[in-house]
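Try each task before you read its solution.

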Amino acid sequence: RKGVSWTKEVTVFIGDVMVQLLQDWVVDNDVVSLPLLREPYIYIERQTNTILLNTNIGLKILWSGRSHLEVSVPGSYKTHTCGLCGNFNNYYQDDLRMPSGRISLSEADFGNSWRPGEDIDPCKDAGYQAKKGANARCKVLKSAAFKPCHRVVPPEPWYGACVYDLCACGTNTDECLCDTLEAYASQCREAGVILQWRSSSLCGGFSELFFNSFSF
């Protein structure tokens, strides 16, 4: 998918196996059908509209094939992770730690710090009108439809991510907005808040990708 803020592919290296999750599901450069067992390392299965990759080390990856990615590891990995998923020390305030060790105040700067090459600012590249439009559309996250979840999942970081996404999406802003809203709603479901946010005028034509959410 075009756009720097989108997950275009997921690559996992474990043992002597490399797994690439794309629109087609690739293992060691071969397109495969699911479910797939590659002993002793991986088991990949389809769950409704998502792909679940299980590994023998406890790492699990849930991939929508579009834009939504969830990574989980067991408690034995506490304080032993780094990068975009944080350091798993149960203190979320320091999760935006850059390779230099400094804490970033910006999600975009944090993401760029772990990305090789030059920094990218899609809103700067898209121009003033695109950024203005993205800000206006993403305000729906702060509306009454999502208010029941604001207490448990603060909307501000999601609002910033939404603006970033929409600036990067070009002409696909409707799809990008709905994916962002669904990602927020999915996080709310995990926190125990079920939102009825879709309507005929807001993403009404899209199916619930993550209705059957799960936890590890």
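**Exercise 1. Decide how enclosed helix α6 is.**

Solution. Of the 18 residues of α6, 13 are buried, so the helix is largely enclosed by the rest of the structure. Buried means under 20% relative accessible area, exposed means over 50%, and partly exposed lies in between (1.4 Å probe, protein chains only). Helices (H or I, at least four residues) and strands (E, at least two) are DSSP runs, numbered from the N terminus.

A word on the model: it is predicted, local features need pLDDT of at least 70, side-chain atom pairs count only at pLDDT 80 or more, and totals for chains, interfaces and linings use all residues. Residues are numbered from 1 along each chain as its sequence is written, and side-chain values use heavy atoms, with hydrogens and water left out.

**Exercise 2. Check the span of α6.**

Solution. Step one: take the rule. The expected span is 1.5 Å times one less than the number of residues. Step two: apply it. Helix α6 covers residues 173–190, so its 18 residues should span 26 Å. Step three: compare. The end C-alpha atoms are 26 Å apart, which agrees. Now look past the helix: glycine 192 follows α6 and has a positive phi, near 95 degrees.

**Exercise 3. Trace the pairing of β5, β6 and β7.**

Solution. Two strands pair if DSSP finds at least two bridges between them. Start with β5 (residues 36–38) and β6 (residues 42–47): they run antiparallel, joined by three bridges. Leucine 36 faces isoleucine 44 of β6. Three residues separate the two strands of this hairpin. Go on to β7 (residues 50–55). Six bridges tie β7 to β6, again antiparallel. Here arginine 46 has isoleucine 51 as its bridge partner. This hairpin has two residues between its strands, and threonine 48 in the turn has a positive phi of about 55 degrees.

**Exercise 4. Are threonine 79 and phenylalanine 88 buried, partly exposed or exposed?**

Solution. Threonine 79 is in the loop between β9 (69–72) and α1 (107–113). Its phi is positive, near 65 degrees. At 55% relative accessibility, threonine 79 is exposed. Phenylalanine 88 is in the loop between β9 and α1. Its phi is near 55 degrees. With a relative accessible area of 25%, phenylalanine 88 is partly exposed.
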